[in-house]
Amino acid sequence: MVRLQDTTKNGKERDWKGKKKRSILVADHYEAGNLLKKAERMYECANVLRFKQQDETLKLYQAYFCKVRFCPMCSWRRSLKIAFNNKKVVEAVNERKKVQWLFLTLTVRNCDGNELKLTLDNMTKAWNRFAGYTKVKKSVLGYFRALEVTKNRKVDSEWNGSYHPHFHVLICVPSSYFKKKDLYLKQSDWTSFWKKAMKLDYDPIVHVQKVKPKDSLDLENIEDDIRRQIEEQKALLEISKYPVKDTDIIQGDEVTSENVATLKTFEEAFSYKRLISYGGLMKEIHKELNLQDVEDEESDLIKIEDENKDEVANSITEVVAYWNIGLRDYVIKK
Ligand SMILES: [Zn+2]
């Protein structure tokens, strides 16, 4: 019996096994929460992986992914795809225009689980107002926005059990942004715009920081191994990951009633909600490059990056890995 080993060109193992185990655990919670259809889909997720072998590397070419919103396996695939798409978009922006990149974090006060859905609705509406303000429109050429929610589980905190929704936004501004008074927005400006858009009676916490090119957006010297690319571009990875982590929903590795309740809160709050979106120049380029909408039901979670189709088709060796329930690992049958 041979266990699946899928490594990147840099020798790093792709964690199929870890994701599948985590996916089963989350499915157990869906089942315990009586969300049976989703649980059933998740138990089927990535049970069979068909790869074509090229030289030493495996390329996935067939698999079933359940696409349940909080499936760790599917979130992992989405994250890779978002990172790849963003890399493409950022490269194209840099080619066309002289820009600077900023990271913006917009937060609101923590809320209880029963207020989460309403808070997310308000934040989405507030974002549209925010992005429409004359001064914001003037300075922001394009953006990628991701909605993240974490849960506070610090037992000694007064916020224990509360939810913390926030936006991470990658923004491109004109290269003269820091020099021109009519373009530059101070941190207090961003804060007051967000406060106004959210109609808050307190000052929300807002972070804005310049992205140093070498941190994240140095897109030269690209090799075709996407994992390595995004690992090297930590800042880009940070924002490109699929925004809700299963570890924020399910704590530990056993089904607990608190985890089930948290999962149901997330499920309800996020139904029919988009976690990511593009605007301005980044939206135009995303469309122009024909990149897939990662949140779409039809989105392809098998193929992550552009690849030479002929190369894949012509490779002879097929490797099929099956999830083995007893071994809790993928096993290869040749
Ligand atoms: Zn899945």
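Which residues coordinate the zinc ion? I looked this up first, in a predicted model where local features need pLDDT of at least 70, side-chain atom pairs count only at pLDDT 80 or more, and totals for chains, interfaces and linings use all residues. Residues are numbered from 1 along each chain as its sequence is written, and side-chain values use heavy atoms, with hydrogens and water left out.

**Zinc site.** I found Cys-45, Cys-66, Cys-71 and Cys-74 coordinating the zinc ion through their SG atoms, at 2.3 to 2.4 Å. Donors here are N, O and S atoms within 2.8 Å of the metal (3.2 Å for Na, K and Ca); water is not among the atoms, so sites may look incomplete. The angles among the four donor atoms run from 104 to 114°, and the site is tetrahedral (four donors with all angles between 85 and 135 degrees). Along the chain, I read the donor spacing as C-x20-C-x4-C-x2-C. Cys-45 sits in the loop between helix H2 (36-44) and strand E2 (48-54), while Cys-74 lies 29 residues apart from it in helix H3 (residues 72-96). Helices (H or I, at least four residues) and strands (E, at least two) are DSSP runs, numbered from the N terminus.

**Burial.** I checked Cys-45 and noted it as buried because its relative accessibility is 0%; Cys-74 is also at 0% and buried. Buried means under 20% relative accessible area (1.4 Å probe, protein chains only).

**Sheet.** I traced five strands in an open antiparallel sheet, ordered E1-E10-E9-E2-E3. Strands E1 (2-3) and E3 (57-63) are at the edges with a single partner strand each, so one side of each has no neighbour in the sheet. Two strands pair if DSSP finds at least two bridges between them; E9 (residues 318-324) and E10 (residues 329-333) have five. There, Val-320 is opposite Lys-333 in E10.

How values were computed
Tetrahedral: all angles 85-135°; square planar, octahedral: opposite > 155°, others 65-115°. Buried < 20%, exposed > 50% of the residue type's maximum accessible area, 1.4 Å probe, protein only.
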